[in-house]
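Okay, thanks for coming, everyone.

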Amino acid sequence: MTAGEWLKTACNLCYINCGIEVSVNDGRLEKVRGDRSSPKSQGYLCNKATRIPYYANDKDRLTSPLRRRADGGFDEIRWDEAIAEIAARLRDIADRHGGKSIALYGGGGQGNHAGGAYASGVLRALGSRSVFNALSQEKTGDFWVNGHMFGSQTCHTAEDVHHCDLLFVIGANPWVAHGFPNARDHLNQIRKDPARKLIVIDPRRTETAEMADLHLAVRPGADSFLLGALLAMLVRSDRIDHAFIEEHTTGFADVKQALLNIPVEEWAAAADIAVADLARCVEMIAAAKAMVVRAELGIQQSTNSTLNSYLEKLLIMLSGSFGRKGTNQLQGWLQPLWGNSPNQTFAPTGDAIIAGLLPPNIFPEAVLLDHPDKLRCVWIDSSNPANTAANTKAMERALRSLELCVVVDVAMTETAQLAHYVLPASSQYEKTEFTLFNFEFPTNFFHVRAGVLPPLAGTLPEPEIYTRLAVALGLLPGDNVLAPLREIARDARPAFAAAFRTFLAENPQAVPALVLYHTIGQTLPDGTAAAAPLWSAAQACANRSPQAVRRAINASDEVADHQLGDLLFDTIVAARQGTAVTRHDYDDVWSFISHADRKVRLVVPQMLEWLARLDPKTALAPKEFPFMLAAGGRRMFNANQIFRDPAWRRDDRDGAMLINSNDLMELGAKDGDWIAVESAVGRLVVRCKVDDAMRKGQLALPHGYGQAYPASDGERLVNGPRINLLTESGNRDPIAGTPYHKNVAVRLALATEEEIRAYQTRSDRIHMAAVRRSGISGRAPDPHVR
C-alpha cells in the first residue's frame, strides 16, 4: 500500500453497508469518502461513516489469546496453547452431554459475516444446532409471519422506495437510521415532489416525521390498535384492492370479518390518534398509485410485536401494494441469512425456534434451568450479549455458570470479561469481509471487501481461527489431503463441483466452509480466500434465478447454464466496489412465494385470535411505572457495539435520556440534570436532555453505549448508560420471544447527590480522555486527527 492510497471497502455501521473509499497511510486508516463507483450507494455517505477511523485505529484492541484465572483475571497464552485447551474442553462437553449442549451466539457482527460460516460449520460438526444472534432479538416475529403468509421464513419483504408515490414509514426513522440505500437522498426527493407523499407512524416527531405529510404520533406500545383501526377503516370504506386480493391471496373473507369486528373509535382512542387523522390516512392510501411500507424495530421490538408484523403485512396486501414497481416485494437472495424452521421448539424451555434461531431473551433460562438438554457451552463470535441482551444481571449470571465460554472479538468486551477464553480477531478492515444483508429489489447487490489494513500483530482472521480449531478437533484433513482438490479448483473450475461433493462424501467429518477456504479460496484474488463459502451460494443463486443473474452480470449467450454460477462467483470476488448479483423483473416476486399456488395466505389463525382478544385498556402505562422508555434508539452519533472509543461521538457523550420538557418540569429537574430511571428489575442514573419532539410520558435512551473503555490511568470506565440493566427477560413477545425494548415501563426520580457525583466524575474522566486521544483541546474531536 502506498502513502495516501485510496482503497475500496464498505461502511460497517448499519446493514446498508454503503461503498466507501478509505485513505491508508503507513498502516493506518486516515480518511473516508463515498465510493462513486459503488453500483449500490454511488458515492452516498452519511455523517457516521466519516468516524470509521476511530474504529480502525482503536486503542482498545486485543493482541493475544487470554485464559481466565480462578481469581477472575486473565493470563496471555500462545495461540497453539489456547486452541489445544479449547478443543479438548469442547470435545469433552460434546462427548458427555452431546452437541445440543453447545450453542453459538453471534457468528458475525454488523457488516461482518465472513466468519459466520466458519463458526457455525465447526460447531455443527460437533452436533450443535442452537444459535442466538441480533436477528433473533429483532426480527424473528416478522420471519414467523412471513413463513405463514408466504410459505417460508426465508421469504422476506423488500421496499422499492425509489419508485413509490407514497412511502408509509412505521416505527422507523430512516433520516437517521437509514434502512434502505441512499435514504436521505430519497427522503429529500419525496419531500420536494408534490406528487409524492410520506406518512410516518412514530410516537416521537422524528427527523423523518418532520418531513411527513401526515405524522401519526401513536401512544407508545399501541401500534396494534392503530394498525387494526386503520385496516378496519380501509375495509369499511371499501378502499381495498379487490382485484389483487382475488388473484393473489386466499382467506380474505375471514380477515375481513375479523377487521369489521374492531371498534374503530375505541381502538383509535387507545392509540391516542384522532379518527379524522386515520380517515386522512385512508384517503392517502387510496389515492396512491404505488405505496411502499417501510417497517422497523419501532414495531418489531414493541408490545405485540409479532401481531404488529402481521398487521403491517395485511396493510400491504389489502391495498395491493405488492409485486409492482414502487411497492413492497419479496427479495431475491444470493444466500439467505437465516433458515426456515417451522414447528420446531427448543426442548429446555419449549420456545419456538424461528428461522433456525433462538431469542436472546431465553438465554438465561436455557443455561440455568435444571434440564438434561440445557446449554453448558457457548461460543460467542463478534457479539456482546452481556451488554446488548435484556436483563444484564441474569445474562451475566448465565455466562458465569457455563462450563465453557469462548469469545472471539476485537476488544475486551463486557462478555469477554466473563469468558474462560478470549481469542483476538483481526478487525473488519484488516481482513476480507462481506455482509449477507443484501435486501434490495429488483436489483440486488453484493460486496466482497478485501482487507485494507495489515492485521494487528497477535490477531487472526476468523477463518484461520476456525482452521486451527477444526484441525485440533479432527474436523479438517491435512493439507496433503486437500492439495489435490485445490489443484482442481485452480486448473479445472467446472470439474470442482463434482470433486468437492466426492471429497465431502469421503470425508464426512470435514467442515465444508473450511474445505472451500483451503481449496478454491487459495485461488481467489486480493487475498479474498475468506469469501470461498460464497461459491456454493453463487451456484445456488444461478440455479434458482438464472435470467436475473445473467442480466445482473451481463453474461453473454456463450456462457452455458452450468458455467453461470462460477461466473457469478468470480464476478463477486473480483469487484472491489461491489456488484449487482441479480436483476429481477417485478413479476418474479410471485415465484419467490413458497406456497404451491403462489398465493399469499391472509389468514394466520394465531394472529386473528390475538387480534380478537386485544384489550384497549392494556395500552395505558401501569400506574406504578407511568413512563414508557424506548430502550435503544439510533441517533446522529451513536452506532453499534463495535465502536468503543467515546471520542468518536461529536455530541451526546453521555447518551442522554430524551424527555418532554413538561415531564422534566413536573419532576423538578432541568435540562442536563442527572436523573434516576427505575424499572421492575433495575435502576440507572442518566443525564437528561429536553426534547419536545417526545410525547409526554415517553422517554428514550440510545443503543451502542454502556461499554467499558480505558481511561488515561488504565482503569476501565463505563461509557454511557447500560440500558439493559433496566430491561427484563420476560417482557417479550409470546411467539417469537423478541424483547419489547421500545416499551419498557419505568418511573423517574431525582438522583441522589452521591449518584450525581459518581456519574459526573465518570463522565468528565471519559470526556477528558477522549479529548486527549483526539489531540484536540476544548472542542469536539475530529475523526481524522488521532
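Let's start with cysteine 541: its sulfur is 15 Å from the closest cysteine sulfur, the one in cysteine 155, so that's too far for a bond. By bond I mean a disulfide, a pair of cysteine sulfur atoms within 2.5 Å. Quick housekeeping before I go on: this is a predicted model, where local features need pLDDT of at least 70 and side-chain atom pairs count only at pLDDT 80 or more, while totals for chains, interfaces and linings use all residues. Residues are numbered from 1 along each chain as its sequence is written, and side-chain values use heavy atoms, with hydrogens and water left out.

Back to the cysteines. Cysteine 377 is buried, at 0% relative accessibility; buried means under 20% relative accessible area, exposed is over 50%, and partly exposed is in between, with a 1.4 Å probe and protein chains only. Cysteine 541 is buried too, with a relative accessible area of 0%.

Cysteine 541 also takes us to helix H23, residues 534–544, where Leu534, Trp535, Ala537, Ala538, Gln539, Cys541 and Ala542 are buried. On the labels: helices (H or I, at least four residues) and strands (E, at least two) are DSSP runs, numbered from the N terminus. What do the buried residues of H23 pack against? Among the partners are strand S20 (443–446), helix H21 (493–506), helix H25 (561–574) and strand S21 (579–583). When I talk about packing or contact, I mean heavy atoms within 4.5 Å.

Proline 442 is in the loop between strand S19 (421–424) and S20. The peptide bond joining phenylalanine 441 to proline 442 is cis, with omega about 10°.

Phenylalanine 441 shows up again in the surroundings of glutamine 329. Glutamine 329 is in strand S14, residues 328–330, and at 0% relative accessibility it counts as buried. If you skip neighbours within four places in sequence, the contacts of glutamine 329 include His156, Asp160, Arg324, Phe441 and Tyr586. The glutamine 329 side chain also reaches the backbone oxygen of threonine 327, at 3.0 Å. A polar contact here is a pair of N or O atoms within 3.5 Å; within protein, one must be able to donate a hydrogen and the other to accept it, and residues adjacent in sequence count only if both atoms are side-chain atoms.

Next, a helix pair. Helix H15 (residues 305–318) and helix H27 (residues 605–612) pack at about 105°, with axes 10 Å apart. Axes are lines fitted to C-alpha atoms, for helices over the stretch in contact, and angles run from 0 to 180 degrees between N-to-C directions. H15 and H27 are therefore roughly perpendicular; under 35 degrees would be roughly parallel, over 145 roughly antiparallel, 65 to 115 is roughly perpendicular, and the rest is oblique. From H15 you have Thr306, Leu307, Tyr310 and Leu311, meeting Met607, Leu608, Trp610 and Leu611 of H27. Those contact residues split into seven nonpolar, one polar and no charged.

Tryptophan 267 is buried, at 3% relative accessibility.

Asparagine 304, in the loop between helix H14 (297–300) and H15, has a positive phi of about 65° although it isn't a glycine. Asparagine 17 has a positive phi as well, near 50°, and it lies in the loop between strand S1 (5–10) and strand S2 (19–25). Both are buried: asparagine 304 at 10%, asparagine 17 at 4%.

Last one: isoleucine 362, which is buried at 0%. Isoleucine 362 and arginine 732 are 370 residues apart in sequence, yet 9.7 Å apart in space, C-alpha to C-alpha. Arg732 is also one of the residues isoleucine 362 touches, along with Phe132, Phe346, Thr349 and Asp351.

How values were computed:
Ala, Val, Leu, Ile, Met, Phe, Trp, Tyr, Cys and Pro count as nonpolar, Asp, Glu, Lys and Arg as charged, and the others, Gly among them, as polar.
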